[in-house]
Amino acid sequence: MEKEKTELLGLSLEEMEDFVVQNGQPKYRARQIFKWIYNKETASFYAMTDLPKEVRSEFDKIAEISIPRVLKQRVSKDGTRKFSMELEDKKKIETVVIPHSPDKNSKYTLCISTQVGCPIGCAFCATGQSGFQRNLEFYEIVGQVLGSKKELQKRLKSDDESLISNIVYMGMGEPLLNFSETLKSIKIINDSKGINIGQRHITISTSGEVKGINRLAETGLQITLAISLHAANNQLRDKLIPINRKYPLKVLMKAVEDYINKTNRRVTFEYIMLDKVNISEQDARNLIKLIKPLMANINLIPYNKVTGLDFSKPAPEKVMQFYNCLLQGGLNVTLREEKGADIEAACGQLVMKRNSRSQ
Ligand code: SF4
């Protein structure tokens, strides 16, 4: 997006130093602005009281800090919150904050979006069904962290700087199809002078964008890679996740194997459990055969109903049966506790309510 003013959100400290020096200010101003943005989530130069008044008004003319506005939020009975945020072009995205425990001092995981809508079009996903509009810029990705943190601190009356301790790129969009902006956003989220969240607390989830997985392996980042698998045979995966037609399982699994060899990191597979679709004994056998050689983790996620889509959640006994099959087959399997399903904030339920193409 072309901007009239220079966007400061998401710049590294060195880039911020270049900006202040180019505008006639000493280098240390960059550190002052950095603190205001990343420690106090401040978007207004006028609030930066340790800058001289004339600098505040000058910077306000030439630069901006675009932390997205939280338009509304819904709170689940389990403490999960879904924020609907508005971007500068009025497009809307959703982010979700999930508490780690019911404890009042709990830390939170933030699930962020990388695109408005999603071009992948997974058959079970609300985002995928509502079409694709555009990629997010890196500052819009970073802005979700600051906007959510600010709102959460306000609501919880907390001044905990590390309230959000983990980031998962699992919201709207396929992060590896917006590779460079996603990567830039990770740098500032991870920067100890920026948002300061450790690489091992950051997870990128992909539907199987093989080119992006290969590129990610080259970056040397120690983040966690999660693969949304959801089917262990091509015939079914072609139907559920259309990108499988471009990168079938053999190609995907080879990319994952190379990724593990290059990074020495364990990969997690996500598997949404759809009743009567992908949880038969044969599915379990296929899954074990596919994943076991990689020593990877697998997360089972019972499906969360999306209005208008024909999939349903399996009964608890079917869930346990499938889980036990995988466990006995020697997989590192976890059953993901569902959070936020009552406010449509769970996996696959995010949607651009008012700006989707279909509305
Ligand atoms: S599940 Fe993820 S990749 Fe698939 S359509 Fe939804 S947002 Fe896109």
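Across the interface of domain 1 and domain 2 the rule finds 1 salt bridge, a term for a side-chain nitrogen of Lys or Arg within 4 Å of a carboxyl oxygen of Asp or Glu. This is a predicted model, in which local features need pLDDT of at least 70 and side-chain atom pairs count only at pLDDT 80 or more, while totals for chains, interfaces and linings use all residues. Residues are numbered from 1 along each chain as its sequence is written, and side-chain values use heavy atoms, with hydrogens and water left out.

The two domains, whose bounds come from an automatic or database domain assignment, cover residues 6-64 for domain 1 and residues 69-343 for domain 2. Their C-alpha centres lie 33 Å apart, and the contact between them, meaning heavy atoms within 4.5 Å, takes 13 residues from domain 1 and 14 residues from domain 2.

The area buried between the domains is about 1200 Å², and carbon and sulfur atoms give 62% of this area; buried area is the accessible area (1.4 Å probe) that two parts lose on being put together, summed over both. On the side of domain 1, L9, Y38 and E41 supply 50% of the area that this domain buries against domain 2, more than any other three residues.

The interface also holds 2 residue pairs in polar contact, both at pLDDT 80 or more, where a polar contact is a pair of N or O atoms within 3.5 Å, and within protein one must be able to donate a hydrogen and the other to accept it, while residues adjacent in sequence count only if both atoms are side-chain atoms. Helix α2 (residues 28-40) gives the most to the side of domain 1 that touches domain 2, with 5 residues.

A search of the whole structure finds 18 salt bridges, including the two listed here.

| Salt bridge | Distance, N to O |
|---|---|
| K149 and E41 | 3.0 Å |
| K154 and E151 | 4.0 Å |

K154 and E151 both lie in helix α5 (residues 138-156), where they are 3 residues apart, about one turn of the helix; helices are DSSP runs (H or I, at least four residues), numbered from the N terminus.

Definitions and conventions:
Helix = DSSP H or I, 4+ residues; strand = E, 2+ residues; numbered from the N terminus.
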